[in-house]
Amino acid sequence: QDSVERIVEDAAMDLSLNPFSSGTRLRDMIRAIRASKTAAEERAVVRRECAAIRAAISDNDQDYRHRNMAKLMFIHMLGYPTHFGQMECLKLIAASGFPEKRIGYLGLTLLLDERQEVLMLVTNSLKQDLNHSNQFIVGLALCALGNICSAEMARDLAPEVERLLQTRDPNTKKKAALCSIRIVRKVPDLAENFMGSAASLLKEKHHGVLISVVQLCTELCKASREALEYLRKHSVEGLVRILRDVSNSSYAPEYDIAGITDPFLHIRVLRLMRTLGQGDADCSEHVNDILAQVATKTESNKNAGNAILYECVETIMGIEATSGLRVLAINILGRFLSNRDNNIRYVALNMLMKAMAVDTLAVQRHRVTILECVKDADVSIRKRALELVYLLVNDTNVKPLTKELVDYLEVSDDDFKEDLTAKICSIVEKFSQDKLWYLDQMFKVLTLTGNFVKDDVWHALIVLISNAPELQGYSVRSLYKALQASGTQESLVRVAVWCIGEYGEMLVNNISMLDVEEPITVTESDAVDALELALKRYSVDFPGDVTKLSEDTSNCCAE
Amino acid sequence: HPTRSRPPSTDADPRRWHSRLSAILPSLATGCHPVRPRRQIRAATPTRPRSSSRASADLRGRRPSLAMINFVLLISRQGKVRLTKWYSPYTQKERTKVIRELSGLILTRGPKLCNFVEWRGYKVVYRRYASLYFCMCIDADDNELEVLEIIHHFVEILDRYFGSVCELDLIFNFHKAYYVLDEILISGELQESSKKNVARLIAAQDSLVEAAKE
């Protein structure tokens, strides 16, 4: 039925298309593109449309400008080049009507990016529109500027935007605040121009304005030391009040998400508090109580509440918090870690990494759960957990932790093996004072996932063996056994071949055996056979005469 | 075991052996001299709590991002792009590459896994609504749970605007979806937490357009 409809539509479209028509409607073009069964068909439709649009542009066709811009944006979204349409954006923006400006500005932000020189030509229109009497047009200009301006445009138009921060219309004010963020990111020097307005705007009641202004303040702090100090002095009490009011607020349907009033505002304020309180005891003290309130009061059965708690914990750990507050934070972490929701556990692992700097012991307590996460079904969680495990390793727990990881290496997914191998090698290298243990772990890893072991890692192994005469016999025997058991991992083969070549006589004669070893019987020809087999398997990498090598090995053993 | 006297340990022997071995196994020869002191492999330094300055981070060679949300991507189950908005500079070529990579990463994730993927040092928060994946790319130290709420905020507003929004609405009225997005995010930051306000603003602008047609 669907295809019959399409056939009818196509026929109708073909009939309506004639050299003198203005072309298809937007929706017809979209239908034609969707109906294309092959890439070539689609290209044909797009080509036809682009040709019509180009013609309309060069004819300066006013009637279908709006529609053509929409088509261009759709075509652009599919990935086709649309440079020829960029000037049309400018013309639409320069037109006097709201509908033209609306689609023109949208086209600008979609078809261009800040690196294009054409963008500079819009500066004048933008300036005019920022001063327009119609607040919606001002809004369009602010939005476009905020999304796409270059550093030059930022400098040029900053005064207009600054002025608009003082306007009465909250919709304009919030857009001006966000636009200011981009300006300050592009030109950090301008930060000081905005700090006064930003601080005073914190007294606003409109939530849209508040979340934008709080975000602007955060940005100003990052851009300028002076702004940071200024805001520390002038905004902390205001922020505490905002957070307290919204946290204590009764049901407000307009802002309610899962029983919490405006979680976004909560989160933004918490983030600004973190920026202000970082390294500043005074500020941190001021926000202590409200942080405790948010940490204890916020419901954690829905994502919105958890998002707030997450931010709250981050803030507690980022500022000079009291120990009571830190305990609260770690408790929340513990709860998150044992939550069944994957998102929450992922976030908990993130938080724990930050908590390491604050209270290592508390994090160590969760070691077992974290190890479980290394084996989780979700690769995102596995990766986070592995990073965390690496940070948790110390002299006391390194051996059991490594054992767990190596055991898991055997069964883990191939795409995780590489990360896991790298981490184990890192850990083992760091704690390699116990040389025997280091060797054992490396031999195991080489056997399991030697192909993922980086060159400098097994080079270091060889160097260690060379410099540890008491362990050379053990090494060559262990490697020989590993080679016999499974010679599929190239790095293992390389190391083993080197070792056997180097210490062949120790292998054959069971020289310098350690207490833990059982004697093995390996004859010269066994050793040479093993080498030959290995070399044959990897003959493409090992140029040279195998027989020569085996002769040499025999000679070496015989000496 | 057969006893054999250990070979006389002269310096000549190991060197001769080594040079022959090196000739045959050139890859072993590199950086493998036994007399050289053990190379320290620098362990990765543990991550300290990240400073709030996003601008300084250079994540795997990428330029520092300019916004909380670097880009928004809506893709269908078949990997077709329904909406893209870029708040950080990406060339056309880079955009195509990004879309291809992320589609591959996200569309293959099972339904029970968490809503976050790590990609090129960034995080991408995504959620599936019917046949569409809504994705937002953020920095590694941004609040993923909040971005999930932002995505939901966007979806609910779209739903209200189109009246039970479906993928076809977003295809045939994509420009309107962009207008809605522009009332929610500017420069990758949240602009308005009240769904009612967003709806009101869009409606007012739509009326202006209607009025101009007469």
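This is a predicted model: local features need pLDDT of at least 70, side-chain atom pairs count only at pLDDT 80 or more; totals for chains, interfaces and linings use all residues.
**Ground rules.** I number residues from 1 along each chain as its sequence is written, with chains lettered from A and ligands numbered from 1 in the order in which they are written.

**Domains of chain A.** I looked up the domain assignment and found domain 1 (1-112), domain 2 (113-234) and domain 3 (402-559); such bounds come from an automatic or database assignment. The centres of domain 1 and domain 2 of chain A, taken over C-alpha atoms, are 34 Å apart. Their contact (heavy atoms within 4.5 Å) takes 13 residues from domain 1 and 16 residues from domain 2.

**Area between domains 1 and 2.** I noted a buried area of about 1,300 Å², with 77% from carbon and sulfur atoms. Buried area is the accessible area (1.4 Å probe) that two parts lose on being put together, summed over both. Phe98(A), Tyr105(A) and Leu112(A) supply 44% of what domain 1 buries against domain 2, more than any other three residues.

**Charges between domains 1 and 2.** I found 1 salt bridge between these domains of chain A; the term means a side-chain nitrogen of Lys or Arg within 4 Å of a carboxyl oxygen of Asp or Glu. Lys101(A) and Asp129(A) form a salt bridge, with the closest N and O atoms 2.9 Å apart.

**Elements on the domain 1 side.** Helix 5 (86-94) and helix 6 (98-111) of chain A each give two or more residues to the side touching domain 2. Helix 6 gives the largest share, 7 residues. Helices are DSSP runs (H or I, at least four residues), numbered from the N terminus.

**Between chains.** I counted 42 salt bridges over all chains. One of them pairs Arg271(A) with Glu146(B) at 3.1 Å, N to O. Arg271(A) lies in helix 15 (residues 263-277) of chain A and Glu146(B) in helix 4 (residues 144-162) of chain B, so this pair joins two chains.

**Chain B annotation.** An unreviewed UniProt entry annotates residues 68-207 of chain B as "domain: AP complex mu/sigma subunit"; such annotations may be inferred rather than shown by experiment.

Notes:
Side-chain values use heavy atoms; hydrogens and water are left out.
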